[in-house]
2 protein chains.
Amino acid sequence: MAESNATIYDIAQKAGVSVMTVSRALNGTGYVAEKTRAKVQAAAQELGYSPNLSAKVLNGSRTKVLGLLVSDIQAQAMTAIIGAIGRAAKEAGQDLLVYTTAQVGGEQPTAPDVMRVLGGICDGILMVMPGTSEQTLADMERGSLPVVLVNYWRTDTALPVVRGDNYQGSRAAVSQLAALGHRRIAFISGSPHSGQSQERQRGYRDALAAAGLAFDPSLLIEGDFAQSTGFAATRALLARPQRPTAIFAANDEMAFGAMDAIKAHGLRIPEDISVVGFDDIPSASHAHPRLTTVRQPLDAIGEAAVKLLLQRAAGDRQGASRIEFPSSLVLRDSTGPAPAAADHPTSALAEPGQG
Amino acid sequence: MAESNATIYDIAQKAGVSVMTVSRALNGTGYVAEKTRAKVQAAAQELGYSPNLSAKVLNGSRTKVLGLLVSDIQAQAMTAIIGAIGRAAKEAGQDLLVYTTAQVGGEQPTAPDVMRVLGGICDGILMVMPGTSEQTLADMERGSLPVVLVNYWRTDTALPVVRGDNYQGSRAAVSQLAALGHRRIAFISGSPHSGQSQERQRGYRDALAAAGLAFDPSLLIEGDFAQSTGFAATRALLARPQRPTAIFAANDEMAFGAMDAIKAHGLRIPEDISVVGFDDIPSASHAHPRLTTVRQPLDAIGEAAVKLLLQRAAGDRQGASRIEFPSSLVLRDSTGPAPAAADHPTSALAEPGQG
DNA sequence: CTGAAAGCGCTAACAG
DNA sequence: CTGTTAGCGCTTTCAG
């Protein structure tokens, strides 16, 4: 019903100047008399003018818009990182457009998809897609738009990467459990193809080895990062004749599932079983008991990623191509010393039908 | 280092045809000989061509991209609705670009901001911003881009609205508690300026009245939708000489906070106190005990919103201007009959210094 | 300090 | 079935 597609031509006419003057006045580029500028701005105001981004893009000017490509907008660890990147972008005076096609763990967007949607309007693209295909990455590499990968774990790409550590943090967590006297420490993995999970698992195994503990395959259970799988995995663990005294989950949501299963089984945290997660999502510090977990410095990661991307967008190919930030163990209340009787198999509260 | 900015001119040259033929062949519009089409597509393939969205937008063609404006990308109820809208968009063959400026509850983006970023490339805009200013809405109304409001509660706009019910659902929840024999039912509100919270509160009060229960101001505590405020509010509630036997929180996250506070206080859910939330975020069904809550049909809402927006984008101003979906009470394990002794003030486990 | 012309990549509208 | 022309809104030359 209403229209407000004022262009600079309308403004030019209203202000009695040329379009070029309008452009200059509005963008603050080049010389414009103060009086003229005021006149132009007044006209723009009245017309409710807002510039047409597409037209700007079309002739190659910067848009101050960054694209953010994410694989799963619903995972809590993901929203945390999106938030961090959003803050970083804002601080850098950039707007952020988030794009995702696969909410349900379906197919990832292909490079052509991305370029089609984001290519025309963004100065650069940040990708938080741990499981991107090599094909997509290769395509992006060949594209003309600068790309920075966030929390990408493999080394098979020439694209710059900013990431948080998975290995050391997870190793620290398990070492801490060992130091607390735990000898039967279980690991609930994420999706088997997730590189993040694999690194966390490697940290687990190396910490075990460093503490002189043998790796017990029966203590390694596969999950898929969802809370429900953490619950199921833990149930299975607790049904074993020799249950673990500590559980390390590849992410916080599974750790919550583990805590629920433990409570449902009538055991206490951390008196009977300690639980550690990974990510430090907001609810980790609100859980009951508060969850011990590993935290990546998301704000630092976001800031570095945005900065690096902007640098590339400005044509500077010099900067670092790989930046890694250390993660840190956040000790809370879900971990404690191993129970004294831990070495004696106790299935007092286990379900019947145990064989 | 690499370039892949192939345009239809490059393709035209390579295939030995005109740009118009390329355009037609690639878009499937108009008649093109099968042989020609094949030739063109092969050339496009080789060149790694991807169309320039901005150029398309610039001459008014549809982009098949929808913009989604959200106020807080980190709230769990929000990510659920974003997911629902994403699925709906995908099903409708549209891509979705999510835009948010204020992660931290800071200023909302203004209409000019939105138009600047999204205006140039989207066919239409969905807004999930319960607290949008009237100014912004007025600006959007005057704009040329179709806009659909999602879960907007006020009636002060001419823009079409698709929303889930807050009042009836909340009323049903509280009625259910009353039916279970609860007579002291507390309400933890969301941010005082949130319309959603106000509607939920109205449902609470009307249900109380309908059940013949007097409204007790001391049982109404203000939160702000964050888990921590649910915790704090509940602590305060439990410190009272006459504690409530049921707590209804304006959203699930605060309900979780309430559950934590109750457990920390040594009380059982639902034997001592029942808890009800609102939203049915994914973790609600995984909590321990599983949370009774009110669910909005997010998928239906998303689908209706996308459909309505597309309709408007196609120039059809006929459709509904206001669609509301009923919400439903999801009974789980956090609610139960009121404890028998509920009428006797029991502060056995309350903290000292009670006066 | 200001203006005119050209063109970014693409697609409607009209010829062939 | 295919090609030509023009123009979307803006900015970058190059001239005043």
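In this predicted model, Gln227(B), Ser228(B), Thr229(B), Gly230(B), Phe231(B), Thr234(B), Arg235(B) and Leu238(B) of helix α10(B) are in contact with Glu253(B), Met254(B), Ala255(B), Phe256(B), Gly257(B), Ala258(B), Asp260(B), Ala261(B) and Ile262(B) of helix α11(B). By class, the residues of this contact comprise eight nonpolar, six polar and three charged. Helix α10(B) spans residues 227-239 and helix α11(B) residues 252-264; their axes come within 7 Å and cross at roughly 45 degrees. The two helices, α10(B) and α11(B), are therefore oblique to each other. Their crossing is right-handed.

Two packed helices are described by the angle between their axes and the distance between the axes.

| Helix pair | Angle between axes | Distance between axes |
|---|---|---|
| α10(B) and α11(B) | roughly 45 degrees | within 7 Å |
| α2(A) and α3(A) | roughly 90 degrees | within 9 Å |
| α1(A) and α3(A) | about 125 degrees | 9 Å |

Helix α3(A), residues 34-47, crosses α2(A) at roughly 90 degrees. The pair α2(A) and α3(A) is therefore roughly perpendicular. On the α2(A) side the contact involves Thr21(A), Val22(A), Ala25(A) and Leu26(A), which meet Thr36(A), Arg37(A), Val40(A), Gln41(A) and Ala44(A) of α3(A). Five of the residues in this contact are nonpolar, three are polar and one is charged.

Helix α1(A), residues 8-15, also packs on α3(A), at an angle of about 125 degrees. This angle makes α1(A) oblique to α3(A). The crossing of α1(A) with α3(A) is right-handed. From α1(A), Asp10(A), Ile11(A), Lys14(A) and Ala15(A) take part, and from α3(A), Lys39(A), Val40(A), Ala43(A), Ala44(A) and Leu47(A). The contact of α1(A) with α3(A) holds six nonpolar and three charged residues, and no polar ones. Val40(A) and Ala44(A) of α3(A) are named both in the contact with α2(A) and in the contact with α1(A).

**Relation and contact of the two chains**

Chain B is superposed on chain A by a rotation of 180 degrees with 0.0 Å of shift along the axis, at an RMSD of 0.1 Å. This is the relation of a two-fold axis. Both copies use the same surface, in that 100% of the contact residues of chain B recur in chain A.

In the interface, 50 residues of chain B are in contact with 50 residues of chain A. The elements of chain B that each supply at least two residues to the side touching chain A are α4 (53-58), α5 (76-91), β2 (95-99), α6 (111-119), α7 (134-142), α10 and α11. Of these, α5(B) gives the most, with six residues. By class, the side of chain B that touches chain A has 18 nonpolar, 23 polar and nine charged residues.

**Surroundings of the DNA strands**

DNA strand D is surrounded by 26 residues, of which the closest are Thr7(A), Ser23(A), Ala55(A), Met20(B) and Asn59(B). Helix α2(A) gives the most, with four residues. That surface has twelve nonpolar, 13 polar and one charged residues.

Around DNA strand C there are 25 residues, and Ala33(A), Asn59(A), Thr7(B), Ser23(B) and Ala55(B) come nearest. Here α2 of chain A, with α2 and α4 of chain B, each supply at least two residues. The largest share, four residues, comes from α2(B). The surface near DNA strand C has twelve nonpolar, twelve polar and one charged residues.

**Local backbone features**

Most residues other than glycine have a negative phi, and most peptide bonds are trans. In chain A, the peptide bond from Ile269(A) to Pro270(A) is cis, with omega near 5 degrees. Pro270(A) lies in the loop between α11 (252-264) and β9 (274-278) of chain A. In chain B, the peptide bond from His288(B) to Pro289(B) is cis, with omega near -5 degrees. Pro289(B) belongs to the loop between β9 (274-278) and β10 (292-295) of chain B. Asp279(B) is found in the loop between β9 and β10 of chain B, and its phi is near 125 degrees, a positive value in a residue other than glycine.

Note on methods
Residues are numbered from 1 along each chain as its sequence is written. Chains are lettered from A and ligands numbered from 1 in the order in which they are written. This is a predicted model: local features need pLDDT of at least 70, side-chain atom pairs count only at pLDDT 80 or more; totals for chains, interfaces and linings use all residues. Copies are superposed by least squares on the C-alpha atoms of residues with pLDDT of at least 70 in both. Two residues are in contact if their C-beta atoms, placed from the backbone, lie within 7 Å. A residue is near a molecule or strand if its C-beta atom, placed from the backbone, lies within 6 Å of it. Ala, Val, Leu, Ile, Met, Phe, Trp, Tyr, Cys and Pro count as nonpolar, Asp, Glu, Lys and Arg as charged, and the others, Gly among them, as polar. Axes are lines fitted to C-alpha atoms, for helices over the stretch in contact, and angles run from 0 to 180 degrees between N-to-C directions. Angles under 35 degrees count as roughly parallel, over 145 as roughly antiparallel, 65 to 115 as roughly perpendicular and the rest as oblique. A crossing is left-handed if the near helix is turned anticlockwise from the far one by less than a right angle, and right-handed if clockwise.
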